[in-house]
Amino acid sequence: MAIKFPSPEWLQALNDKLNTDTHYAQIAKTWEGDMIVIIEPSGPLLEKQYYYLDLWHGTCRKTEIMKTLPAIMPKFVLTATYANISRIMKGELDPMSAMLTRKLQVHGSMAYMMRNVPTVLDFVRCAREVTTEILE
Amino acid sequence: MQPILKVNLSTRESSDFIIPAEWERDYLGGASLGARLLYSTLLKDLDPYGPEAPLLFLNGPLSGTSGPTVGRFVVCGKSPATNLWAESNCGGFWGPELRFCGYDGLWITGRAKEPIFLWLQDNLLEFRDANAVWGKDTYESQSIIKTELSISGTHVLTIGPAGENGIKFAGLYCDHGRSAGRTGLGAVAGAKNLKAIALKGTKKIPLAQPEIFGPIRSASNHFLKDDTITQVVHELGTAGVADYADYLGGTPKKYFHQGVFEGVDKVSGSAMAETILVGVSACHACVVACGRVVRLEDGQKRKGPEYETLIGFGPNLLNDDMPLIVRLGEICDREGMDTISASNVIGLAYHLFQKGVISENDIGFPLNWGDMSGVSRLLQLTARREGIGNILAEGSRQFGAHFGAEDEAVQVNGLEVPYHDPRGVSGMALVYATSPRGACHNKSDYFLVDWGQADTSLGLQFFERHAGAEKAANVALHQNWRSLCDALVLCLFGNVPAEMVAGLVNAACGYDYKVNDLLRIGERAWTLKRAINIRLGLTRENDNLPKALLEPLPDGPTAGYVPPIEEMLTAYYNSRGWDSESGKPTPSKLSELGMEWIINDIWNR
């Protein structure tokens with residue numbers, strides 16, 4: 001079955017991947033923190049989307065598509081336009097490059113983020129691997 | 001621009017120098033203008049310690065405004081360490097204060113008969129006796145001079161004992177521990193018996209179009225605040241990138257001979273933030289505030305280390321004791337020595353001791369990796385040129401040569417290599433090999449581009465971090481941009497879009513430059529510094545890397561890799577329009593840049 005990004009099916013597939021991928025389980029074994037990925041509308045995406053993931057010790061405890069930001073902010077908020085985030089998903093844009101060139105904005109503890117760059121990169125690998133189709 | 005104040009310390013004469021308008025237009029300011037101003041002076045037979053040697057302090061056209069990261073000044077001259085072009089820039093508040101005095105530069109020659117310091121209050125210059133502070137460290141000197149002058153808001157730039165004693169990597173220090181550390185210009189000041197320069201100004205910074213400048217400045221500072229690099233550097237200091245640098249194998253360990261060090265996690269901006277960090281400090285009008293304030297076990301607040309100091313006295317020496325790194329950095333700052341060069345030459349001493357090239361008879365005590373007990377002593381011996389310190393004070397190249405092991409020194413053209421290993425980020429191979437002041441990470445911080453910070457608005461592309469010759473033109477382009485930043489004396493952490501920088505320059509100066517014009521100004525200055533160095537004896541063979549960086553590491557993320565430097569250099573010369581055999585800019589390239597006037601000088605016509 002094609003898994004199109006972004007969609008509820010895609011978020012569920014990512015949840016399943018994060019809970020079964022042994023490499024991610026190993027590299028993210030000390031990660032503690034939830035995040036929201038905010039996808040700003042651009043191109044074919046017409047409405048802002050909020051994807052919530054609760055990541056804990058190499059697993060994903062919960063995912064949810066939200067309508068707005070929650071009252072209690074998660075540990076990290078990642079924001080990108082759909083154009084940029086779809087380029088990351090397609091492997092056309094390196095996630096660190098996206099962060100360093102403001103194509104992906106990060107809000108949260110920079111100390112924690114810089115300590116855990118390998119986890120972040122492996123999270124993106126998992127996200128790419130479950131994506132078989134991109135909204136065009 | 002405002003005038004430059006020329007001061008002859010021998011005759012105690014001073015005069016205003018008006019910068020020719022076409023030089024302002026073609027070079028803008030900072031190190032680029034400095035190269036143009038000193039071109040005819042910097043010749044092979046000029047003794048960097050002689051009275052005729054220049055010490056030129058310059059600002060840029062944005063310095064001292066409220067723009068983004070514009071608190072820096074640069075000092076230029078001939079380096080006693082490299083005998084080549086020297087420039088070193090410094091943050092804090094001293095540079096802006098010089099502009100508040102009504103001057104955009106200070107051009108010092110001569111030699112005072114006795115130690116003196118200069119006191120410039122607006123345009124009133126005094127030569128003051130510095131015997132009371134001669135021999136004092138940089139922190140004490142600043143404090144004593146400020147007390148003597150008793151005028152609030154005075155900023156003091158000073159040398160320490162290292163500068164007085166002609167240490168080849170002595171720097172100049174202001175605003176507590178802000179330093180112009182590289183290339184040994186503190187020793188040039190010491191040779192002039194110039195201990196310090198104190199400033200207090202009340203004038204306004206000139207702007208051609210203040211009504212246009214204001215909104216762009218405001219927008220650029222807001223932009224900067226939201227930048228990811230700004231957030232990392234604000235929260236974690238410049239050492240905030242240490243974790244990622246290590247992940248990619250870019251952090252040198254055991255004097256560039258080891259790829260893995262168990263204690264590396266204890267030595268980073270994150271580790272500092274989690275342990276001893278109690279505050280931050282900023283330069284003039286800066287929203288980044290990269291400076292660290294830490295508290296150690298004695299309860300005293302101190303300057304915390306930036307990336308280079310942290311790695312130099314940390315993994316480079318197989319040390320993971322963060323408070324000790326803080327203290328070693330403070331010794332360097334107080335004595336007035338560059339932490340990169342100081343930690344590098346001490347790393348070389350450890351390396352040669354372990355190889356059996358030097359012994360306890362040479363040093364006075366053993367230097368075993370991981371045993372840090374002798375490092376503070378080595379630093380103090382160096383600053384005073386006592387015992388082995390007298391040889392360490394000459395820098396890595398001379399230290400190695402003294403013991404018949406010059407090729408073991410990790411330096412390029414006499415300047416010690418900073419702590420971004422080209423085996424982790426290959427672009428730094430070209431940067432170190434071709435920098436106009438010897439191995440330098442600030443003439444192009446290309447490691448950030450190799451990590452992904454490729455600003456496409458400048459025409460930069462992203463190449464894989466171990467790519468080779470294909471990234472040569474990209475490196476040259478980035479050098480041109482950073483050369484422009486050096487003209488403006490912009491801090492490299494001011495990650496502001498190029499279009500905004502152009503807008504600020506135009507509003508400040510009344511020009512109508514586009515980004516491509518600024519890149520051309522950067523390229524012109526880069527080429528001019530190359531021409532200066534060619535006249536000082538630099539040849540194609542000088543564009544190289546030390547042996548250690550051309551040997552693969554045995555372990556770690558870059559094990560087995562060495563940058564293909566020869567292929568990269570050939571591609572680099574081609575991309576620059578330089579002759580690939582001699583490394584000289586070709587006459588056609590010089591003409592294209594409007595620099596016909598130096599063709600005869602470097603082609604011996």
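In the predicted model, strand S14 (residues 291-295) of chain B is joined to S15(B) by four bridges, and the two run antiparallel. Strands here are DSSP runs of E of at least two residues, and helices are runs of H or I of at least four, numbered from the N terminus; two strands pair if DSSP finds at least two bridges between them. Val294(B) stands opposite Arg302(B) in S15(B). Both strands belong to an open sheet of three strands with the order S13-S14-S15 (chain B) and antiparallel pairing. Its edge strands, S13 (277-281) and S15 (301-304) of chain B, each pair on one side only.

Helix H12 (residues 322-335) of chain B packs on the sheet, touching S14 and S15 of chain B. Contact requires C-beta atoms, placed from the backbone, within 7 Å.

In chain A, the buried residues of helix H1 (residues 8-18) are Trp10(A), Leu11(A), Ala13(A), Leu14(A) and Leu18(A). A residue is buried if 20 or more other C-beta atoms, placed from the backbone, lie within 10 Å of its own. These residues lie on the same side of H1(A) because they cover an arc of only 160° around the axis, the arc being that of the directions from the helix axis to the C-beta atoms. They pack against strands S1 (4-5), S3 (49-56) and S4 (59-66) and helices H2 (22-27) and H6 (117-130) of chain A.

Residues are numbered from 1 along each chain as its sequence is written, with chains lettered from A and ligands numbered from 1 in the order in which they are written. As this is a predicted model, local features need pLDDT of at least 70 and side-chain atom pairs count only at pLDDT 80 or more, while totals for chains, interfaces and linings use all residues.

Note on methods
A residue is buried if 20 or more other C-beta atoms lie within 10 Å of its own, exposed if 12 or fewer, and partly exposed in between; C-beta atoms are placed from the backbone. Two residues are in contact if their C-beta atoms, placed from the backbone, lie within 7 Å. Axes are lines fitted to C-alpha atoms, for helices over the stretch in contact, and angles run from 0 to 180 degrees between N-to-C directions.
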